[in-house]
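Me: I would like to go through the strands and helices of this structure, asking each time what the wording rests on. Please set each value against its definition.

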Amino acid sequence: SGESVFITTKGRQILVKCGDDETLISTLPADKFPPLPKFENSKTHGVACADLANAVNQVAFAGSTDPGRYILNSVLISSSAKKMTTVAINGRELATFNLASIGSDLEILAPLPFVHNLSAALSRTGAVLASNENQIKVSHDWGNYFCKQVEGKYPAYKQFIPATTKLLGTVKVGEFLNKIESCIGYSADMEAKGIFTFSNKELVIEFNGDEGVKLSRYLAGKFAALKAAYSTKKLALIFKSIKTDEAKLFFVGEISPLVIEAGDLTVLTMPMRV
């Protein structure tokens, strides 16, 4: 409420004055603050940190929050001399981001609750990534960021990706998202299931909401023939993470994953029972 802020200590408290406002903030003894972690036997990784920050953010939505799937409460970060890859899985969705990038060999499991903090640190000026057996460290011009690694072996996710698929069609991301989001508000259901009928002239989304509400949404386009049920809430979450204007849809069958490709991002989402 004022043009300047005055800050001082008052015993064990911090006194903050600004205009007509005055606030006392309690503190703890400085010696009670935990020490910085010991970061021993570490290795510095030569990766493009800004690209890695984007790659982590692109897949984080697909990580599992189920405590029983501990190893999936993470984002897999791997890099080689020619490619950088991030992966997240929750049992129903699988997201991968593959970027052609020169870097050192590394494999890190970043805890899902902290990946956005990690990405923020990687985005800072002068960011340098390092890790040891159970920790991750990002040094940058403002300081350092530490977080623990998830301990364990990430599943062989590539086996879940269909070896061959058929092109279902191409959709404009914004238009497709608009059709899906117009359904979600009619149901409190965690999944908000929609029946998707693709044909050579349009996509029809049929949605049965609460209290007998039935909605039908139409999207013009030329698609292969397919009828399957998908979670409209999960599809909305996926398409909000897509940064391209268009996305290609691929399929194997009615009970197989829908594959969504948008630039360097690939997402698999499992259908629901019709």
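Me: How many bridges join β12 to strand β17, and in which sense do the two run?

Reply: Six bridges join β12 to β17 (residues 246-251), and the two run antiparallel. Two strands count as paired if DSSP finds at least two bridges between them, so six bridges meet that requirement. Strands, for their part, are DSSP runs of E with at least two residues, while helices are runs of H or I with at least four, both numbered from the N terminus. Within this pair, glycine 169 stands opposite leucine 249 in β17. This is a predicted model, in which local features need pLDDT of at least 70 and side-chain atom pairs count only at pLDDT 80 or more, whereas totals for chains, interfaces and linings use all residues. Residues are numbered from 1 along each chain as its sequence is written, and side-chain values use heavy atoms, with hydrogens and water left out.

Me: What makes β8 and β12 edge strands?

Reply: The open sheet of eight strands has the order β8-β5-β6-β7-β19-β18-β17-β12, with antiparallel pairing. β8 (106-111) and β12 (166-172) each have a single partner strand, so one side of each is left without a neighbour in the sheet.

Me: Which strands of that sheet does helix α1 touch?

Reply: Helix α1 (residues 49-59) packs on the sheet and touches β5 (74-79), β6 (83-89), β7 (93-100) and β19 (265-269), where contact means heavy atoms within 4.5 Å.

Me: Why is α1 called roughly antiparallel to α2?

Reply: The axes of α1 and helix α2 (residues 115-122) come within 8 Å and cross at roughly 160 degrees. Axes are lines fitted to C-alpha atoms, for helices over the stretch in contact, and angles run from 0 to 180 degrees between N-to-C directions. Angles under 35 degrees count as roughly parallel, over 145 as roughly antiparallel, 65 to 115 as roughly perpendicular and the rest as oblique, so the crossing at roughly 160 degrees makes α1 roughly antiparallel to α2.

Me: How many residues of each class does the contact of α1 with α2 have?

Reply: Cys49, Ala50, Leu52, Ala53, Val56 and Asn57 in α1 meet Val115, His116, Ser119 and Leu122 in α2. Ala, Val, Leu, Ile, Met, Phe, Trp, Tyr, Cys and Pro count as nonpolar, Asp, Glu, Lys and Arg as charged, and the others, Gly among them, as polar. By these classes, the contact has seven nonpolar, three polar and no charged residues.
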